[in-house]
Amino acid sequence: MIIDSSKIRDKVNHHMAVVGKREFIDFREAVVASGELPEIDDFVVEGLVEIVSKSHKAFKDFSSADGEYKYNLVLSDGVDAEDIEVHVEAYLVSYCIYSILCSFANIPSTLTEKWLTKSNTSFSNLVYYAMNKKVPDETSKLNQTTGSCV
């Protein structure tokens with residue numbers, strides 16, 4: 001699956017705009033400018049490292065898909081990839097928002113704790129869905145088994 005940092009940035013900006021309005025942070029500081037994409041990309045890479053290293057081998061690896069801001073995240077064999085991208089993106093967005101909020105000097109700890117909880121919950125959901133395995137179809141199942149190893 002391809003993960004696009006600019007797509008993640010757009011979702012992060014949407015959430016940060018809401019945070020900027022509702023949580024009393026200066027809106028101009030909350031939204032990530034297009035020139036700050038490398039910073040978001042760094043957070044996306046950190047999040048991908050977390051996914052690959054802590055997903056109980058549900059993901060094999062990730063690599064740069066275009067040398068810029070797109071990454072190819074590789075699922076392990078047998079993992080049901082249907083809709084998993086939604087969970088990967090949700091985790092990466094919450095991880096990026098938490099990381100950005102931690103970079104502010106005067107953020108209330110309740111706000112960072114809220115996004116840490118969201119990030120952890122998103123990761124748990126991702127791992128849960130990544131653990132779904134494909135059930136072999138009828139043609140690939142064993143037939144004429146006798147129950148004997150002899």
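Helices (H or I, at least four residues) and strands (E, at least two) are DSSP runs, numbered from the N terminus. By that count, this predicted model has a chain with 5 helices and 3 strands, arranged along the sequence as β-α-α-α-β-β-α-α. Residues are numbered from 1 along each chain as its sequence is written. Local features need pLDDT of at least 70 and side-chain atom pairs pLDDT 80 or more, while totals for chains, interfaces and linings use all residues, and side-chain values use heavy atoms, without hydrogens and water.

**Strand pairing**
- Two strands pair if DSSP finds at least two bridges between them.
- β1 (residues 2-4) runs antiparallel to β3 over 3 bridges, with Ile3 bridged to Tyr71.
- β2 is also antiparallel to β3, over 5 bridges, and here Ser64 stands opposite Tyr71.

**Faces of β3**
- Buried means under 20% relative accessible area (1.4 Å probe, protein chains only).

**The core**
- A nonpolar core is a set of buried Ala, Val, Leu, Ile, Met, Phe, Trp, Tyr and Cys residues joined through side-chain atoms within 4.5 Å.
- The largest one holds 36 residues, and Ile51 and Phe59 touch the most other members.
- Among the elements supplying at least two residues each are α1 (5-22), α3 (37-54) and α5 (109-130), while α4 gives the largest share, 10 residues.
- Beyond its neighbours within four places in sequence, Ile51 is in contact (heavy atoms within 4.5 Å) with Phe59, Leu73, Val88, Tyr91, Leu92, Phe123 and Leu126.

Notes
Buried means under 20% relative accessible area, exposed over 50%, partly exposed in between (1.4 Å probe, protein chains only).
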